[in-house]
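Student: I would like to go through the labels used for this model and see what stands behind each one. Please show me the sequence and the structure.

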Amino acid sequence: IKSTFAHLIAGKNVIFYGPPATSKTYLAKKICEHVCGKDDFMIDTANAEWSYFDVVGGRVPKEGGGTEFEEGIILKATEKCRWMLEEKGKPCWLIIDELNRANLDLAFGRIFTQMDIDHREEPLHSVRKNGEEYHYFMPLSFRILATMNTYDRSLLFSLGYAFMRRFAFIPIGSLLKEPKESEEPKELTVNEEMKELSNKQRMQKLKEKALSAVLNHFTKKNGEDRAFIFEEFEVQNINKVTEIYGNLQVDGLDVLDLLLYISSKITNEGLVEIGHAIVFDAAKFMAAYYLLSPEDADVKTLLSEAALAYLLPQLEYFMPKLRKGKIFLEKEYQDMWKKITKVFEELNLTLVLEKLKEVEKEYRVIG
């Protein structure tokens, strides 16, 4: 966060990049809220259809004949920024989610130059309004905060150097990612590994965040509008959340400990980074399943269902590597796969193992 603010103060726009569900958009929103105010920034999601008209603007037909100029995303944001500076003494910033889905050369075109802090005295665009020439400028304090999902390869457009140099690139990794250890890792059984991981301060903090995310979901409501839909599933406090997982234990570890272990293993063996928000979503699912049907909620069932719905689909990104490993006999990728398979074997999650066998034949998780 300090680095991000330093980049922004230094005149750079920023791009948060990394795996899905690592809170990139959340971070961008929180930074904008801090600088601009809770509802005083703009957000839009990029797409492959974006053109210069969408980003900057263009002329559209008006009632009664003729045309009028319609502002695009950037001009709306920069005009709001100018107004806010005059009225509130604060800027308005723009968040562009999934920036790499857009064809940036086509969409941003001639305004690349003005995105550089040293060229903002030059107009972004000029139009005739009420018979006079009107110039749009990008305020000196205007910034763009964008996000990029590095796993969404099929939707990636390349970023040209002219575009890249106007942004600082900030990697956002999963909280499950462990720092590199200088010493050789100890040989441990899955059960020993799980217990050792659950005792680490970093993992305990992550578990606390997961429990808080569950509580937040099951208390989020606005009158009759409830995130958890049915009134009887409201959870009153964190003790109730802890109690739910406390009823789902094996050998002193609850189902959330096991989920965190599996997610951490997939991440740190190098298959794919599991975003911590995916773990939070899976934790909400397990709590919902328990509240819905406590008599059918056992550790094996919940863990299998959570893994199949939330974790395994993330492995789709790893499948081309596994195929390459099988075809060219590259042991590295095959060993990664075996280590993860072994985890599910030792946890005796039959449903997941059946799916993994299918995946290994088809090289596709979602088929």
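Student: What handedness does the crossing of helix 9 with helix 10 have?

Tutor: Helix 9 passes helix 10 in a right-handed crossing. A crossing is right-handed if the near helix is turned clockwise from the far one by less than a right angle, and left-handed if anticlockwise. Helices here are DSSP runs of H or I with at least four residues, strands are runs of E with at least two, and both are numbered from the N terminus. This is a predicted model, where local features need pLDDT of at least 70, side-chain atom pairs count only at pLDDT 80 or more, and totals for chains, interfaces and linings use all residues. Residues are numbered from 1 along each chain as its sequence is written, and side-chain values use heavy atoms, with hydrogens and water left out.

Student: What makes helix 9 roughly perpendicular to helix 10?

Tutor: The axes of helix 9 (residues 201–217) and helix 10 (residues 238–246) cross at roughly 115° and come within 9 Å. Axes are lines fitted to C-alpha atoms, for helices over the stretch in contact, and angles run from 0 to 180 degrees between N-to-C directions. Angles of 65 to 115 degrees count as roughly perpendicular, under 35 as roughly parallel, over 145 as roughly antiparallel and the rest as oblique. Helix 9 is therefore called roughly perpendicular to helix 10.

Student: Which residues make the contact between helix 9 and helix 10?

Tutor: Helix 9 contributes Leu-211, Ser-212, Val-214 and Leu-215, and helix 10 contributes Ile-238, Val-241, Thr-242 and Tyr-245. Contact means heavy atoms within 4.5 Å.

Student: How do the residues of this contact divide into nonpolar, polar and charged?

Tutor: There are 6 nonpolar, 2 polar and no charged residues. Ala, Val, Leu, Ile, Met, Phe, Trp, Tyr, Cys and Pro count as nonpolar, Asp, Glu, Lys and Arg as charged, and the others, Gly among them, as polar.

Student: Why is the pair Lys-207 and Asp-257 called a salt bridge?

Tutor: A salt bridge is a side-chain nitrogen of Lys or Arg within 4 Å of a carboxyl oxygen of Asp or Glu. For Lys-207 and Asp-257 the N to O distance is 3.1 Å, so the pair meets that definition. The two lie 50 residues apart, Lys-207 in helix 9 and Asp-257 in helix 11 (residues 255–268).

Student: Are Lys-207 and Asp-257 buried or exposed?

Tutor: Buried means under 20% relative accessible area, exposed over 50%, and partly exposed in between (1.4 Å probe, protein chains only). Lys-207 has 18%, so Lys-207 is buried. Asp-257 has 13% and therefore counts as buried.

Student: How do you know that Arg-128 is exposed?

Tutor: Its relative accessible area is 52%, so Arg-128 is exposed. Arg-128 meets Glu-133 in a salt bridge, 3.5 Å from N to O. Glu-133, at 44%, is partly exposed.

Student: What is the distance in the salt bridge of Glu-330 with Lys-324?

Tutor: The closest N and O atoms are 4.0 Å apart. Glu-330 has a relative accessible area of 27% and is partly exposed, and Lys-324 is partly exposed at 36%. Elsewhere, salt bridges that share partners join Glu-193, Lys-265, Glu-269 and Lys-339 into one network.

Student: Why does Gly-37 count as buried?

Tutor: Gly-37 has 12% relative accessibility, so the residue counts as buried. Gly-37 sits in the loop between helix 2 (24–36) and strand 2 (42–45). Leaving aside neighbours within four places in sequence, Gly-37 is in contact with Cys-32 and Lys-90.
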